[in-house]
Every structure is written in structure tokens, then in C-alpha cells.
Amino acid sequence: MASPMTVTEKILAAHARKSHVLPGENVWVDVDVLMTHDVCGPGTIGIFKEEFGKDAKVWDKDRVVIIPDHYIFTADTKCHRNIQILRDFVKEQGLKYYYDPDFVTGGGMPNPYKDPTKTSYKGVCHKALPEEGHVRPGEILLGTDSHTCTAGAFGQFATGVGNTDAAFVLGTGKTWLKVPPSMKFAFHGQIPPYLTAKDLILAVIGEISVSGATYKSMYFTGEGVGSLSLEDRMTLTNMAIEAGGKNGVCDVDEKTLAYVRARSNRPNWNVYKDDPGSKYVFSHEWDLSTMEPLVAKPHSPDNKDTAHNCRSVKVDRAYIGSCTGGKITDMIFAASILKGNTVKVPTFVVPGSTEVHADMKRLNIAGEPKGPGEKSIEQVLLDAGCNLGPSGCSACLGGPVDTFGRLNTPITCISTTNRNFPGRMGHKEAGVYLASPLTVAASALTGHITDPREFVSEPIATGTAGVV
Amino acid sequence: MQQVITGKAYVLGDDIDTDQIIPAEHLKYNPSDPAERKFFGMYAMVGVPPAQSGLPKGNVKFVAEGEFTTPYTIVIGGRNFGCGSSREHAPLAIAEAGAKVVVAEFYARIFYRNCVNGGYLLPCESIQRLVGEVSTGDEVSVDIDAGKLINKTTGKTYQLRPLGDVKPIVDAGGIFAYARKSGMLAAK
């Protein structure tokens, strides 16, 4: 009997065609899906052509996924040129999965999609990947973006790589990986209505620091994780990289399988379970009933404090968006607090994907198709005075100066995004507080950092939102 | 691989993330276009807040305004150098500016991997913390084979960790060269 393995070890062993792997071992693995976008795609394509030749073909045209999402809504001509490089490559290679911002047609700030259901454009890659059927339990997904680890919520190994690694995979379908030691983070109890997964991951990063999981795999488990929606689990794994983690992974359950069955563009996948007795170099447990809404203060995701302790901090702006906090359930969390109220500070809302945007128009704030006379999630947010931008990465990473919601002056912003090192959202003297959509919405209403328990007492129903 | 690298040191602190090394607004340049690639050198480290730029004094630019290259050859960092995004533009920017080696206590893994696999920079790890030991502008020498950093300005010597598993890739000059050398990929 082989010694017990973690989920990550099992996935890496299977893709290295070995019965067993040990942490620290270097293995060459077969990659199931490679994703790139408009910021890293041009460089990756350049290296691919330089190394494999200008007429080279990718290893598998059905396993390369290209999702432009970073610099779409800008008048910058180089950004538009980068999108054209992707288009040309997709055409030349005959790639099956490409999500074109079809409204980017020439100079100037593009007029965005009029109807989010009628564009080939998707928005943030980490949200679009599961929506479009590219994530599955047991697979290896690599992407030229550090938040590729998001897909670990679906029980797969997913991690970010650079252009050179991506170019190598484009040509060979393979990469070398060092098998990481695993860390276990267990959450007990059921998620209370005033917490979201954002509070859980800020607790984890605050506990172990922004480098606490460097080179390691982060396994999120326990009935507390089971009580989270699949989308909220994506928030947990999304921020594994903010602790330095190589990947983050959750157990697969019926919620995972229901989503993947409905979406996957391949019929088969393998579900791996953690073996009893598998080795963890670190374990920590939390009881959800004793946890409080948290923030990460400037300028580091591990600068943890409670929202309550920060109540004297005035904010100039609130931001709800990104792969971390721009999902449909995040929008429902925010809308449930903003409903019938008016924001006190400019509040920018950016749907994570065009599907999220479509759902914001289609669903009511309970996450069900809106009935006659009922307000949509989008309408609730607009009525509260939010500024709504088109789907994409937008100001989460600053980007070009004309980016929607970008911090162009040294102001204080409370944000549902993932990273708050100096300059992340634009100005390097701006202060960014990371928080859950509940805490951000509550703070938007008061103008200072606010514990959402002042607004939330009942469980927030999310209905059908993000379920399949 | 050059075995002894000598030049001026540029010192930074802990958790220098890739947004500080090369802010996102500059990622519009295509690193595969030689005319655009040099802009990564121009903007290397512009995201580091002035007070933390060039320790211990601060307010020292890595690359002077309007220039494409740096007078500093060796970057010294603290813990978790290169954390944040996976952008390969980060090691590329430091290398494009003309620096050859980074010496930090430890690295964020994607940055480290990009340094090695892309063959941009030599990411060395110091055994002791060098922030505070080395000042920006000090004349420093890094001896790879001997695993030593010598601060010629102060006359002190510091141990570096061995490169370990990645040494064959570093020696080959990157992952493609390594794969060709080891027969995994056909010669160009």
C-alpha cells in the first residue's frame, strides 16, 4: 500500500504518469488547459514563435484558451494592438476557445457591449474559465495570471505561470513542477450571514502572512467550506497566491459536480480525495461562529484587522469587482445591504464577467429570475447611486490611466479586490482596504469602514445565482 | 553563466511585489517587440514608494528619469521578493534595465521561476538578511561558484544558498535551452 497522498499530490502524480509523488520531487506533467490573456498573451506568443518557429502549431488547439480581460476599456492604442495580436494568433492557429471583445474595432475608448448576452467578450478570465466549461476536478490548468489558482475551488490543480513557461506549454503540452508540501486550513460550522469567504481568506493570510504558503499547496476543507457556495469557494482559492501559495484546492462535492456537469466542455474528469494520514506541514482550524468581518489594511493583504476596529477610518471610494469580488453572489451580497439606501462615497461596480452582468439584469436580489415589477440586482445598485462599469479586470490592478474606477489620486478606497501593495489600484500613495462585499457595501453607505453586522442579521439568499 | 558579477548595489525592503517592480500601466508594451521592450527598463521599479527606493536613505531612483538603463548591477531585497502577479515583465524589466542578479532572503515562487526559466536574472538567496548590511551604491561582488557576496565598500562577506535543483536550468540559460540540452526538445 502506497503512502497516503493529498489531493494536489494525487493530481500531480496522475499527470506525471506516476503512482506516487513526494513533496520536493520535480516532475514533468501533462497540462490539460493553458489560458492566457491580453497582457501576457503577446509576450507568450512572441516566445513561442521564437523558440518553435514562425510556422509552429500549438500542441492542442482545443486546450488553449484565450480570454482578453485586462485592458479592454481604454483608448490606449497599444492595448488595442495587443488584442489584435491575440486575434491574429487565434486565426492562424485555429483555436477553438477565444472570447473576443468584438466592440474593440478602432481608435478611441471603445463603446462597450450594449447587451452582455450578445457579445463574444467575457470579462475576467478566472470567472469566464468555469462559465465556459474549462475547469474540471482532477485536471491541471495553467494560466499566465497569478489568480489562475482560483480554479482550485473545483478540485483541480491550477496555478499561474510566466510567458516563457506558457510558451513552453504551448509547444509541448508539458511543464516541470516541484511537488509542493501541503498546508491544511479547516473551517468548522456554517457560514454566518455577515461573513463571506473573503473574511475567511483574509483570516488565513493574516495568520500565515503574505509569504506563509510560498512554494506550498493550500488545502481548504471542513464543513464550513462545504457550507460556502461554489462561487464563494472561488474567493478562497483565488487569494491563495496572496499568501504565496502555489495552488489552493477545495474538496469536490455535489455543488461542484452540479456546476461542472452543466458547464464542462469535456465529458470526463477524475475526483481525487485527500487520503487519511496524508502529510501536512501546517494545519490551522477556525470556528466560523467565532469569526468576525475582517479587512486587510494598506499596504499588504496580511495586514489584518477587524472591520469594527477600523470604524474610524474614513473612505473616499468603494469598489466592488474583480475575479475575487465581482461574481454574481458578491453582487447579491452588496445589493442586499445597498437596497433602498444611498451610497455616501463614490462606489464603482464592475461585473466579473458579461455573464455576471447579464445575471445582474436578469435576477432579483434573492438570486431568482425577477418577476414583473421586481427590481434587478443592477437596478438596486444603480438606485443606490453606484457607478456601473463594463465587465473586466478594470481598476483592480490599476491599468491604463483612463481605466474605470482607477485610483488616480492618493485617496482611501475599500475594495472587494485581492491585493493592496503600494500602487496596485493606481496611485502609489493611495490606501486600499481589502474587504468582503458586505463590508464594502456597508462602508459605502456610511463613508467609513463599517462592520456589516450593523446591516445584516438575516441570512442572505442567493437562490439560483452562480449555482449551475 | 558569468561566475563573478561585480557592480553597484540597489537595496529594497520586504514584499517588493511585481506591481512595484513594473506597474500595470506599463504592461501595454509588447516584450517581444525590441523597440517596445526597452521601455520595461525605463520603468523598472518606478512603483516602489520613494521612501523605500534605494535603502537605507531612500529617494534613489533605480533608473534615472528619461533613461533606459540603471547604474546598479545587483539588486538586494528582503523577504518575499517578487510577490504578487505572474507577470514575466517583472524580471524582464530588471534585466532590461541592465541588472544581472537579485539577492534576497527568499522569493515568491512565480517570480523565481520566471527569472530561471526565462533566463533573465540570477535569483540568489542570502542566508542572512542583507538589507541593512548593504547600502545602495555600495560596490558589491557576487561569486556564484563560491556562493558568496562580498561588500567591497565595507569589506564584509556573506554566504549565499546553493542554487540546488534549478542549477542545470540556470547553467543552460533558461528552460528552452535546458530542454534542448537534455534532449527533450529538438535542437533549434
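In this predicted model, the centres of domain 1 of chain A and domain 2 of chain A lie 23 Å apart, taken over C-alpha atoms. The domain assignment places domain 1 at residues 1-291 and domain 2 at residues 294-454 of chain A.

**The interface**

The two domains of chain A touch through 45 residues of domain 1 and 45 residues of domain 2. Interface size is often expressed as the accessible area lost when the parts come together. Here, domain 1 and domain 2 of chain A bury about 3,600 Å² between them. Carbon and sulfur atoms account for 61% of that area.

Two salt bridges cross the interface between domain 1 and domain 2 of chain A. E242(A) pairs with R419(A) in a salt bridge. The closest N and O atoms of E242(A) and R419(A) are 2.9 Å apart.

**The domain 1 side**

Three helices of chain A each supply at least two residues to the side of domain 1 that touches domain 2: α4 (125-131), α6 (197-208) and α8 (230-238). The largest share comes from α6(A), with six residues. The table sorts this side of domain 1 of chain A by residue class.

| Class, side of domain 1 of chain A touching domain 2 of chain A | Count |
|---|---|
| Nonpolar | 20 residues |
| Polar | 14 residues |

Methods:
Residues are numbered from 1 along each chain as its sequence is written. Chains are lettered from A and ligands numbered from 1 in the order in which they are written. This is a predicted model: local features need pLDDT of at least 70, side-chain atom pairs count only at pLDDT 80 or more; totals for chains, interfaces and linings use all residues. Side-chain values use heavy atoms; hydrogens and water are left out. Domain bounds come from an automatic or database domain assignment. Contact means heavy atoms within 4.5 Å. Buried area is the accessible area (1.4 Å probe) that two parts lose on being put together, summed over both. A salt bridge is a side-chain nitrogen of Lys or Arg within 4 Å of a carboxyl oxygen of Asp or Glu. Helices (H or I, at least four residues) and strands (E, at least two) are DSSP runs, numbered from the N terminus. Ala, Val, Leu, Ile, Met, Phe, Trp, Tyr, Cys and Pro count as nonpolar, Asp, Glu, Lys and Arg as charged, and the others, Gly among them, as polar.
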